[in-house]
Amino acid sequence: MSESVFGSNGHKTLIRVEHLTKHFPVRGGVLQRIQAWVQAVDDVSFEIREGETLGLVGESGCGKTTVGRTMLRLLEPTGGNVTFDGVDVFQLRGNELKAMRRNMQIIFQDPYSSLDPRMPVGESVGEGLRIHRIGTPTERRRIVQDMLRKVGLEEYHARRYPHEFSGGQRQRIGIARALALRPRFIVADEPVSALDVSIQSQVLNILRDLQAEFNLTYLFIAHNMSVVEHISDRVAVMYLGKVVELAGRGELFANPLHPYTQALMSAIPIPDPHLRKQRILLPGDVPSPLNPPKGCRFHPRCPVAMDHCAVQEPRFQDVSPGHAVACWRVA
């Protein structure tokens, strides 16, 4: 799939992911030799424009989190390229990579385990400032206080420990920590999945307000389609390590083309007890990434699969401007 460097909104491409691959070795035996490979991410490509939110959605285990962590070099890639503002992230080493990390941050999924329980939250939020030697101790303290205020907390919270906060407050602290270095790009790895529904909307609104204030670019990883619809500008759908459909939010939710996307859409609840939606129930379980199916990886569960789907993998291609899909039925 090829796109112009400048999108339809006039914003340039900030992140370009090309043929990203991440396989994990499975070792066994006395010598712990490699027995097989888990194909967590296999040939994924997409772009994220400056100032936009790309939602990455799919079932648990489809490789969403691995995509985000590999893009940031928290996991080393097996293959492919990630370019940030024209710089190949995978070629950076040492101080160059450390400097790049100031521009690329992550909000972790679990607000309970992502904070050091022995460290006051003010030190956790300001740790990146100290590592990158930004400002004096007084200036760092002021930045931390400012970040806490922006996510709806108070200055005195900086002296408290993680166990003194609720789940929603801890996730706000995680957002403040990601923002402290004033990055341009943030991977939000299911930042609201562990929170109550009433708290989810508060955190989502904070993320949107901060995006408008700092011109942030997000990769928003989630499995909740309603949350993705609320916050995303464009949406990419993943299945078993591959992106199977990518389109603008309005286009995808109004006209899903891939059978897997259609099944995900059918599971979105309707807030009206008098309306009924026809659910698409997929047979079987998600195949193992150790031995993914030949051809289209979705064909064993696809309600409209053809014989050809089990033989050859469909090419991910544009079917209309800004709408790409990998499906022989659509091609």
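Ser232 sits in the loop between α7 (225–231) and β9. Helices (H or I, at least four residues) and strands (E, at least two) are DSSP runs, numbered from the N terminus. Ser232 is buried, with a relative accessible area of 0%. Here, buried means under 20% relative accessible area, exposed over 50%, and partly exposed in between (1.4 Å probe, protein chains only). Leaving aside residues up to four places away in sequence, Ser232 touches Thr53, Leu54, Gly55 and Arg249. Contact means heavy atoms within 4.5 Å.

This is a predicted model: local features need pLDDT of at least 70, side-chain atom pairs count only at pLDDT 80 or more, and totals for chains, interfaces and linings use all residues. Residues are numbered from 1 along each chain as its sequence is written, and side-chain values use heavy atoms, with hydrogens and water left out.

Two strands pair if DSSP finds at least two bridges between them. Strands β10 (residues 242–248) and β12 (residues 323–325) run antiparallel and are joined by 2 bridges. Leu246 stands opposite Ala324 in β12.

Axes are lines fitted to C-alpha atoms, for helices over the stretch in contact, and angles run from 0 to 180 degrees between N-to-C directions.

**The sheet of four strands**

Another open sheet has 4 strands in the order β2-β1-β4-β5, with antiparallel pairing. β2 (33–49) and β5 (87–88) are the edge strands, and each pairs on one side only. Strand β1 (residues 13–28) pairs with β2 over 12 bridges, in the antiparallel sense. Arg16 stands opposite Glu47 in β2. Helix α1 (residues 64–71) packs on this sheet and touches β1, β2 and β4 (79–84). The direction of α1 makes about 110° with that of β1.

**Helix against helix**

Helix α5 (residues 167–179) packs with α6, and helix α3 (residues 121–131) packs with α5.

| Helix pair | Axes | Angle |
|---|---|---|
| α5 and α6 | within 10 Å | roughly 15° |
| α3 and α5 | 7 Å apart | about 30° |

α5 and α6 are therefore roughly parallel to each other. Angles under 35 degrees count as roughly parallel, over 145 as roughly antiparallel, 65 to 115 as roughly perpendicular and the rest as oblique. The crossing of α5 and α6 is right-handed. A crossing is right-handed if the near helix is turned clockwise from the far one by less than a right angle, and left-handed if anticlockwise. Among the residues that meet are Ile175 and Leu179 in α5, and Ile206 and Phe214 in α6. The residues of this contact divide into 8 nonpolar, 3 polar and 1 charged. Ala, Val, Leu, Ile, Met, Phe, Trp, Tyr, Cys and Pro count as nonpolar, Asp, Glu, Lys and Arg as charged, and the others, Gly among them, as polar.

The crossing of α3 and α5 is right-handed. Val121, Ser124 and Val125 in α3 meet Ile173, Ala176 and Arg177 in α5. That contact divides into 4 nonpolar, 1 polar and 1 charged.
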